[in-house]
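Welcome! Please take a moment with the sequence and the 3D view before reading on.

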Amino acid sequence: MQSFAFNTVARLVSGSGEALKLAEHCASLGVQNALLVTDPGLVAIGLIAPVQDALCAAGVEVCLFPKVSEDPPEAVVFAAVDAGKAAGVDGVIAVGGGSSMDVAKVAAALLCSDQPLSDMYGVEQLSGGRLPLILVPTTAGTGSEVTPVAIVTTGETTKAGVSSAVLLPDIAVLDADLTLGLPSHITAMTGVDAMVHAIEAYTSKIKKNPVSDNLARSALALLANNIRTAVHDGRQRDARAAMLLGAMQAGQAFANAPVGAVHALAYPLGGHFHIPHGLSNSLVLPEVMRFNLPMATGLYAELAEIVVGSSVSGSEEARAETLIVAIEELIDDLSMPATLSAAGVGEESLETLAEDAMLQQRLLINNPREVSYDDALGIYRASF
């Protein structure tokens, strides 16, 4: 057996209503004055007020930062840090989607370090520590609550990642109640995003390991068996809880067996066209999988048994293709755009997208099959 290392969050708490008990976790970490990072949409629908009120009622001071945008730029990160410094916070909490959790991670590091953000980008470049950190997801998608990665928009069309074990939170809290009102289209996009994490972790070339494999398989089973119910009957708490658990397990898997070409080709779509990350992934997923078939047939065949069920049969090649077709059918069932053109991507941009995808070498090195510029362009064209 190959050598491997596996890192994850120190403490995980899951249960209905757990988001209203954050003060207990603050006490365990010695946090008395918390920066609460979230987005304006969650504030507007009333999701944040009960959490903030419960913290305040228990004596925890709260500095609310409700200004996170999708694909957050560096300016939002710096604004969160400024708010935290002005309030003298001694801990950071995020209640929100992946963007809020990413901002909270980086802010927690910057609030106790003089290291410039620009020097933190890359793998294990963060030289300092961070403030105590609690992450509470409101979507079943990114798995950011259990990953050591934060993605920041650095320019008009570019993103960069801070990847460091320092960013793993002290506590991750899963509360399905926070996801019950999630709109169906967001449930679909984030759910497929989580499935991509599981699939790419299972086929990751360099750091694939038995622990990440088991998590990826368990995650994919939970997600595949519950995503349709969660999308079409969003008040079904059991399905919501299963999706949240599946997304978390997928996050644990890809935090240790990193994602590959799907994400590498998805990032430019978000940068140039501001397509939500989960949808960007789903748009290129089937064709990336077809591209990977020569090197991942057996692994895809194994995953087919999870997604399709025991009825899947035939050769490894046939079962692998069955998985890809099942993914395409799922995307259709969830009423998601299935092609780049349907998502508003112009054909004239495909070459630029391929050029930008090639900049994502930290991801492409994990892909089971090597990807060239011509390969990336071919995948975009096949996805168009």
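At what angle do helix 6 and helix 9 pack, and how far apart are their axes? They pack at an angle of about 140°, and their axes are 9 Å apart. Helix 6 is therefore oblique to helix 9. Keep in mind that this is a predicted model.

Let us look at who touches whom in that pair. From helix 6 come D193, V196, H197 and E200, and they meet A261, V262 and H263 of helix 9. The residues of this contact include 3 nonpolar, 2 polar and 2 charged ones.

**From helix 9 to helix 12**

Helix 9, which covers residues 261-273, also packs with helix 12, residues 350-357. Here the angle is about 125° and the axes lie 8 Å apart, which means that helix 9 is oblique to helix 12. Helix 9 passes helix 12 in a right-handed crossing.

On the helix 9 side of this contact you will find A264, L265, P268, L269, H272 and F273. On the helix 12 side, their partners are T352, L353, D356 and A357. By type, the residues of the contact of helix 9 with helix 12 divide into 7 nonpolar, 2 polar and 1 charged.

**From helix 12 to helix 14**

Next comes helix 14, residues 373-383, which packs with helix 12 at an angle of about 130°, with the axes 9 Å apart. Helix 12 is therefore oblique to helix 14. The crossing of these two helices is right-handed.

Helix 12 brings L350, E351, L353, A354, E355 and A357 to this contact, and helix 14 brings Y373, A376, L377, Y380 and R381. Sorted by type, the residues of the contact of helix 12 with helix 14 are 8 nonpolar and 3 charged, with no polar ones.

| Helix pair | Angle | Distance between axes |
|---|---|---|
| Helix 6 and helix 9 | about 140° | 9 Å |
| Helix 9 and helix 12 | about 125° | 8 Å |
| Helix 12 and helix 14 | about 130° | 9 Å |

**Spaces inside**

How many cavities of 30 Å³ or more does the structure hold? There are 3 of them, and the largest cavity has a volume of about 50 Å³.

To find the largest cavity in the 3D view, look for its lining: A140, T179, L182, T187, T190, R240 and M243. Helix 6 (184-202) and helix 8 (237-256) are the elements that give two or more residues to this lining. The lining residues of the largest cavity divide into 3 nonpolar, 3 polar and 1 charged.

Notes
Residues are numbered from 1 along each chain as its sequence is written. This is a predicted model: local features need pLDDT of at least 70, side-chain atom pairs count only at pLDDT 80 or more; totals for chains, interfaces and linings use all residues. Side-chain values use heavy atoms; hydrogens and water are left out. Axes are lines fitted to C-alpha atoms, for helices over the stretch in contact, and angles run from 0 to 180 degrees between N-to-C directions. Helices (H or I, at least four residues) and strands (E, at least two) are DSSP runs, numbered from the N terminus. Angles under 35 degrees count as roughly parallel, over 145 as roughly antiparallel, 65 to 115 as roughly perpendicular and the rest as oblique. A crossing is left-handed if the near helix is turned anticlockwise from the far one by less than a right angle, and right-handed if clockwise. Contact means heavy atoms within 4.5 Å. Ala, Val, Leu, Ile, Met, Phe, Trp, Tyr, Cys and Pro count as nonpolar, Asp, Glu, Lys and Arg as charged, and the others, Gly among them, as polar. On a 1 Å grid over the protein atoms alone, a cavity is a set of points where a 1.4 Å probe fits but cannot get out, and a pocket is an open set with protein on both sides within 12 Å along at least five of seven lines; lining residues have an atom within 4 Å of a point. Grid points are joined across faces, edges and corners, and a volume is the space filled by probe spheres set on the points.
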